Amino acid sequence: MIEDEMFDLVRQHKDGILQSSVRKTLEIDSKKCSRTIAKLMKNHLIRREPELANGRNTFRLYCMEFTGPSDKHKYFLAGGVFSPCTGCSIECYPENCRLLDEWVWAIIKEEN
Ligand code: SF4
């Protein structure tokens with residue numbers, strides 16, 4: 001099935017793949033490519049971001065599957081734990097926050 005082939009292709013490219021490359025690799029026309037992308041996006045399997053490539057507006061497709069933290073996420077991880085401030089809804093007093101203290105100590109331990 002073309003959806004499965006496209007999803008596998010996008011998944012193989014952790015840094016994303018241009019829509020035009022997907023179309024060429026799968027040897028499908030642009031109409032079928034767009035329809036298949038729309039189906040995968042509707043099912044939250046891929047996402048796309050606009051990009052200028054070779055002077056033309058196109059899209060880069062990314063897999064929505066979680067493949068582990070990337071390099072940019074490592075700054076939010078300490079001892080394998082994500083920053084406690086992310087999504088926190090506790091009334092905030094950072095200078096007295098045990099969660100933040102423990103997380104900062106984990107960073108200090110990792111650096112030593
Ligand atoms: S410092 Fe503590 S209370 Fe404030 S956002 Fe971070 S985890 Fe939440």
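Trainee: Within what distance do the axes of helix 1 and helix 3 come, and at what angle do they cross?

Mentor: The axes of helix 1 and helix 3 come within 10 Å and cross at roughly 75 degrees. Axes here are lines fitted to C-alpha atoms, for helices over the stretch in contact, with angles from 0 to 180 degrees between N-to-C directions. Helices are DSSP runs (H or I, at least four residues), numbered from the N terminus. That angle makes helix 1 roughly perpendicular to helix 3, a label for 65 to 115 degrees; under 35 counts as roughly parallel, over 145 as roughly antiparallel and the rest as oblique.

Trainee: Which residues meet there?

Mentor: From helix 1, Ile-2, Glu-3, Met-6 and Phe-7 meet Thr-36, Lys-39 and Leu-40 in helix 3. Contact means C-beta atoms, placed from the backbone, within 7 Å. This contact of helix 1 with helix 3 has 4 nonpolar, 1 polar and 2 charged residues. Ala, Val, Leu, Ile, Met, Phe, Trp, Tyr, Cys and Pro count as nonpolar, Asp, Glu, Lys and Arg as charged, and the others, Gly among them, as polar.

Trainee: Before I go on, how should I treat the model and its numbering?

Mentor: It is a predicted model, where local features need pLDDT of at least 70 and side-chain atom pairs count only at pLDDT 80 or more, while totals for chains, interfaces and linings use all residues. Residues are numbered from 1 along each chain as its sequence is written.

Trainee: Okay, and how do helix 1 and helix 2 cross?

Mentor: Helix 1 (residues 2–11) and helix 2 (residues 19–26) have axes that come within 11 Å and cross at roughly 125 degrees, so these two are oblique to each other. Ile-2, Glu-5, Met-6, Leu-9 and Val-10 in helix 1 meet Val-22, Thr-25 and Leu-26 in helix 2. Those residues divide into 6 nonpolar, 1 polar and 1 charged.

Trainee: What about helix 2 and helix 3?

Mentor: Their axes come within 10 Å and cross at roughly 115 degrees, with helix 3 spanning residues 30–42. That makes helix 2 roughly perpendicular to helix 3. Gln-19, Val-22 and Arg-23 of helix 2 make the contact with Ser-30, Cys-33 and Ile-37 of helix 3.

Trainee: New topic: what surrounds the ligand?

Mentor: Pro-84, Cys-85, Cys-88, Ile-90, Cys-92, Pro-94, Cys-97, Leu-99 and Leu-100 surround the ligand, each with its C-beta atom, placed from the backbone, within 6 Å of it. That shell divides into 9 nonpolar, no polar and no charged residues.

Key. Contact = placed C-beta atoms within 7 Å.
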